[in-house]
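Take a look at the model, then read on.

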Amino acid sequence: MPRGKAHLAFELGTLPGWVALGAAAGADRAPLLFFTGGYIVGSLFLSPDLDLVRSDASRRWRGARFLWRPYAALFRHRGISHSLFLGPLTRVLYLAALGGLGWGLLHVVGGVPFPRAIPWGSALPVLGGLYLPQLLHVALDRTVTFGKRILRRG
Ligand SMILES: [Zn+2]
């Protein structure tokens, strides 16, 4: 299994290529910026390895690391959390639930209003940016595992 730093190097190292690909496909600057922001956050803070109590990703949450304890307790390492499409969805939904709880608390305590609509024009590139490095993480895990199996058979 590649270590957390190898994953991060692979994910962040391929980011310029993804942005260049998006630009070549005609994407505007703003969605590319939203994608890049989501991608960096996804690489650093939403790794599939949040299913471990101690991982590079959980350490990056610093004092808020405890927020991912229930996630690590809920998901077995390399189970659903490491599946290609459901894995990132579990973390995005988990994060959305945390955000919703936090916002709800601010609403009740401080009267902070709820947003009236989701700005999909920026939300979709951000979601794409959050998803892609997580897909790369799982793809790299599977490629290395497959390669080791081939080498062992010799
Ligand atoms: Zn992993």
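α1 passes α6 in a right-handed crossing (right-handed if the near helix is turned clockwise from the far one by less than a right angle, left-handed if anticlockwise). Keep in mind that this is a predicted model, where local features need pLDDT of at least 70 and side-chain atom pairs count only at pLDDT 80 or more, while totals for chains, interfaces and linings use all residues. Residues are numbered from 1 along each chain as its sequence is written, and side-chain values use heavy atoms, with hydrogens and water left out.

**α1 against α6**
- Helix α1 covers residues 4-24 and helix α6 covers residues 120-153; they pack at an angle of about 130°, with axes 10 Å apart (axes are lines fitted to C-alpha atoms, for helices over the stretch in contact, and angles run from 0 to 180 degrees between N-to-C directions).
- That angle makes α1 oblique to α6 (under 35 degrees counts as roughly parallel, over 145 as roughly antiparallel, 65 to 115 as roughly perpendicular, and the rest as oblique).
- On the α1 side, Ala6, His7, Phe10, Glu11, Thr14 and Trp18 meet Leu132, Pro133, Leu136, His137, Leu140 and Asp141 of α6 (contact means heavy atoms within 4.5 Å).

**α1 against α2**
- The axes of α1 and helix α2 (residues 29-45) come within 10 Å and cross at roughly 165°.
- That makes α1 roughly antiparallel to α2, and their crossing is right-handed.
- Among the α1 residues that meet α2 are Leu8, Leu12, Leu15 and Val19, and their partners in α2 include Phe35, Tyr39 and Ile40.

**α5 against α6**
- The axes of α5 and α6 come within 9 Å, crossing at roughly 135°.
- These two helices are therefore oblique to each other, and α5 passes α6 in a right-handed crossing.
- Pro88, Leu89, Arg91 and Val92 of α5 make the contact with Leu127, Leu130, Tyr131, Gln134 and Leu135 of α6.

**Salt bridges**
- The count comes to three salt bridges (a side-chain nitrogen of Lys or Arg within 4 Å of a carboxyl oxygen of Asp or Glu).
- One of them joins the side chains of lysine 5 and aspartate 56, at 3.8 Å from N to O.
- Lysine 5 is in helix α1 and aspartate 56 is in helix α3 (residues 56-60), so the pair ties together parts that are 51 residues apart in sequence.

**The surface**
- Ile80, Leu86, Leu89 and Leu93 make a nonpolar surface patch of about 370 Å² (patch residues have over 30% relative accessible area and no salt bridge; like charges are joined within 9 Å, and nonpolar side chains (Val, Leu, Ile, Met, Phe, Trp, Tyr) within 5 Å; areas come from the Shrake-Rupley method with a 1.4 Å probe, and for residues only the protein chains shown count as cover).
- Leucine 86 lies in helix α5, residues 86-110.

**The whole protein**
- The protein has six helices and zero strands (DSSP runs numbered from the N terminus: H or I of at least four residues for helices, E of at least two for strands).
- Its C-alpha atoms fill a box of roughly 65 × 40 × 25 Å, taken along the principal axes.
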